Amino acid sequence: MKLWRKLWETLNTEITIPWDETIQGSVEAGKNVLELAKALRENQDAEALAPLVGRLDSLLDVLDSPLVEVAGAALPFVSIATGTIKFIVEKSHKEPSLETSIALVSQAAYLESFRQFLGEHPEVKNQLENTPASQEVARKLRQLGQNLEVNGQEIEFNEKYAKETLICFHESPLAKVFNPLLAARLQESGLTENEAKIVTERVSRNTHRYLKATVAEIKDKVPRLAAVYGEGWQRDLEIYSSLDNYLQDVIAKKPLETVFDEKFTFQDIYVPLEVKPVKSGEVDEDAAAENIEAWAKNLLLDETKQRKILFIQGGPGRGKSVFCRMFADWVRRELHPIYTPILIRLRDVRDLKQDFDETLSAAVGWDFVKNDKGWLTERNTRFLFFLDGFDELLLERGASNALKQFLDQIEQFQRHCNENNERGHRVLVTGRPLALYGIERLMPGNLARVSIVPMSEEIQQQWLEKWQNVVAENPDLAEEKTKQFQQFLADANCPAQVKELAQEPLLLYLLAAMYRDNQIKAQDFAEASQGGAKVLIYESALDWVLNKQRTTEAGRNLNLDLTNLEPEDLRSILAEAGLCVVQSGREYAAIAAIKSRLEEKEDEAAKKLLTAAQESEEPLKNALAAFYLKSVAGAENSVEFFHKSFGEFLCAERMVESLQEWTTKTGKRRKTYETLTSVLDWQVYDLFGYGNLTQEIVEYVMALLEKEQTDLAVLFERLNDFYLRWSDGEFIEATNETLPQKKARHLQIERGQREVDIYAGLNVLILLLELHRYAKSGDKGQIDFHPCGKPGTDDFDETRLLRIFGYSQCLGAFAYLEILGKFFRRADLRGADLTGADLTGADLRSADLRSADLSDAILRSAVLRSAVLRSADLSDANLTGADLRSADLSEAILRSADLRSADFSETILRSADFSEANLSGANLRSAVLSDANLTGANLSDSNLSDSNLSGANLRSANLRNANLSGADLRSANLSGADLSGADLSGANLSGADLSGVLWDSYTIWSNAINLHEAENVPEGLL
């Protein structure tokens, strides 16, 4: 019996319902549903209702009608369900069965969800054609009330299924029946198959809201129905309201925020960028670039990729955060509630919990989370979490292993969501790739990882077209100015660095805005380095904002009116703000902290501003608002930069200001430093005792030092003096109040002076390493820095660096590696004792490690390209996967070292000792191994093609399946070596000792050169 008929026959009266009058599929069937709704609302009696009831198979008969009419229905479908059940209860004085009640309520809620969807999405409604259902779909609609078929199998809609439907409609048997019918009608009405599928899924997933609203309305009439939900009616409605408010007040408004202090919004200027996959930590440059939105949509909607974390990396200014705000709103508009977007800036995560669920709850903080402890296991809600800025989370935590732990938590969270149908959530993560330094090989395995690539000409053109539409009141002038800017970028005189930087969205905006206001020209960037070009752009941007951007038609500088400060004075104050923001570790700073720093300055502008600020902080706020700063939600009286790159650049400017002062000499003979050593010591802690210097800030610092023609040799002398005294413990072991303690009180760091002391010393070490690298990269000064002290002097202590590593482990087991690992390029480490040091992933390119002791060291995945390791002791070291291309390891000691899968191609290994070393799978192509000792070494599966092994000792070596094609084996000792499966085609064996060698039928001897001149060739081989 049809459920619809069964429900009405519950009515215990003598009224006969004319079931035979049922219309066999037409537009009239749909109209009958609407007429029934009207009759119920008008409280018509049973006699009047009977003909209407008899003509229906189910409420979904309404889908027979053109869908635009369903969208325009004046009465909510929920009223049909509530009116029908109330009518039956009043007339029959008994409650309908649970399954029949839910069958009816579900139909009404499903239709109401559809009606509401079309009302909220007129763009979909406008696509629908004004046509009724086809005969095939009409037939299936008529059958709906008779039986339920799921995947071709008829099921009985019993009480168990009824309760499951009420709790989670979109997973119920009814949803599996309703959805194909609605999808078919949508396709008939003009939508594509994929569009129909998505609309249907959104309608299905939103039905539970109207189910709850319907049951809430009739809970007094049908207690059995109400009991399934329990007592949480009001709470659920409040949760839905809170979630809706979040989507409207947060997600929907993000694209409408203005770009800096321009009149246009992100939505006006946004162009989707492109991404390429990242494999083994490197961007796959050979892969085709893919639209970032298309990539994300595919991963979200592909049912086979639900376990994947969407992981987007990109440098500063590459558009990661703008993509998050734009794509989150797209998900709100086009996918919710299939996925509900939640946007979290990781800089705002104050406390990283051990339980990731708790971290998310604290980060979101809205009532729909606070009022529902089980919000992450609610089957009717599926979230897409945007976790923007993993590098900012790392910066806040300093040098701990927090990022690795955080990514592991995300990996476990996503895996559990994939395994548990109550948690179908997805995670999208963004951040700067440099933050991953040292943990690349430890990344979670379920990442769908891509990198934002520089803007192509096509995308740049799309951006410029949008730029043209928003920048000028006069369209003709805007078009001409935009064309001129394009010509500026294409001009042969425009430096390659500027053209490259113009492929980054933030810098393209700055260039375009400054060009619009006549602030830049091509010759400004002549002969600038990459870092120098960035500095020029940011400096130009500062000048533009402070001098030109807020200028009236009469030429009056509004910044002066607002702040009563000249541009240079204002710039100095902004530099202090930049330093405060970076030192805070949270990407924002309290105005009180900035004020405190200004109180220590001696310039008149700061004093004038502070005098005005004694009564109110408004003058200081106005000064900060003159540049791209804004107030911080949830952090009263605090400010942050619109883009963190501005804060980093200003921080670097403030640091360079002091670095230059330290080099200034005074007196008649210019032999006395203007900044006394005691003053310098405090300023070092004040500037650098906050956390680790980032690669970006270091790049700005070095470029600014070069631009200002700083005496780098003098700067090196002063920093090196501090470094040697720091590494000997002079400051931390002082008996009176220590400088680290003083700075710790300023910053209020929980772990106190030890943390400040470590950071100050390591940051000075970074600057010294960078000064050394800069000087050696082009004969730019007589600077020779050795982290262990200058060799041959009393300052030299071969264990100094090793002791520093140990000291810094107070911050975390791998703190020294995370902070210093990327700065050892070109470092002078001759004779250093690094016994047992873990240098996994360190960048040691072109480093000088001659005679260094690296025994038992761990150099997994380290980059040692072109490094000098002559006579270095690497015995028992772990170098699995290390990059040693073109390095010089002649006479190095690598006894028993683990060198599996290491890359030694074109490396110089003359006379090196590899006895008993494990080189299985290593790449030694074209390596120079002449006279090397490889006794007993494991070289199975290694690539030795075209290598020079002349005179090498390979006695008893394991060369199974090794590639020795084209190798020079003249006079090599291969006695007892295992050559099973080895390829010796084209190898030169003149004078080689082959006594006792092992080989098999897979060994390739063809075209071997001078085999007849080899010694002790076994008879079988002859």
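Mentor: Start with a cut-off: an angle of 65 to 115 degrees between two axes counts as roughly perpendicular. The model here is predicted. In it, helix H32, residues 677-688, packs against helix H36, residues 753-776, at an angle of about 95°. H32 and H36 are therefore roughly perpendicular to each other. Their axes lie 9 Å apart. On the H32 side the contact is made by Val684, Tyr685 and Phe688. H36 brings Val756, Asp757, Tyr759, Ala760, Asn763, Val764 and Leu767 to the contact. Sorted by type, the residues of this contact are 8 nonpolar, 1 polar and 1 charged.

The largest nonpolar core of the chain has 255 residues, and Leu387 and Leu869 have the most contacts inside it. H36 supplies the largest share of this core, 14 residues. As for Leu869, leaving out residues up to four places away in sequence, its contacts include Leu849, Leu854, Leu864, Leu874 and Leu884, and also Arg850 and Asp888.

Now the setting. The chain contains 38 helices and 15 strands. Of its 1022 residues, 57% are buried. Among contacts with a separation of 6 or more, 56% join residues 24 or more positions apart. The chain exposes about 42200 Å², and carbon and sulfur atoms supply 43% of that area.

Note on methods
Residues are numbered from 1 along each chain as its sequence is written. This is a predicted model: local features need pLDDT of at least 70, side-chain atom pairs count only at pLDDT 80 or more; totals for chains, interfaces and linings use all residues. Side-chain values use heavy atoms; hydrogens and water are left out. Helices (H or I, at least four residues) and strands (E, at least two) are DSSP runs, numbered from the N terminus. Buried means under 20% relative accessible area, exposed over 50%, partly exposed in between (1.4 Å probe, protein chains only). Contact means heavy atoms within 4.5 Å. Accessible areas come from the Shrake-Rupley method with a 1.4 Å probe; for residues, only the protein chains shown count as cover. Axes are lines fitted to C-alpha atoms, for helices over the stretch in contact, and angles run from 0 to 180 degrees between N-to-C directions. Angles under 35 degrees count as roughly parallel, over 145 as roughly antiparallel, 65 to 115 as roughly perpendicular and the rest as oblique. Ala, Val, Leu, Ile, Met, Phe, Trp, Tyr, Cys and Pro count as nonpolar, Asp, Glu, Lys and Arg as charged, and the others, Gly among them, as polar. A nonpolar core is a set of buried Ala, Val, Leu, Ile, Met, Phe, Trp, Tyr and Cys residues joined through side-chain atoms within 4.5 Å.
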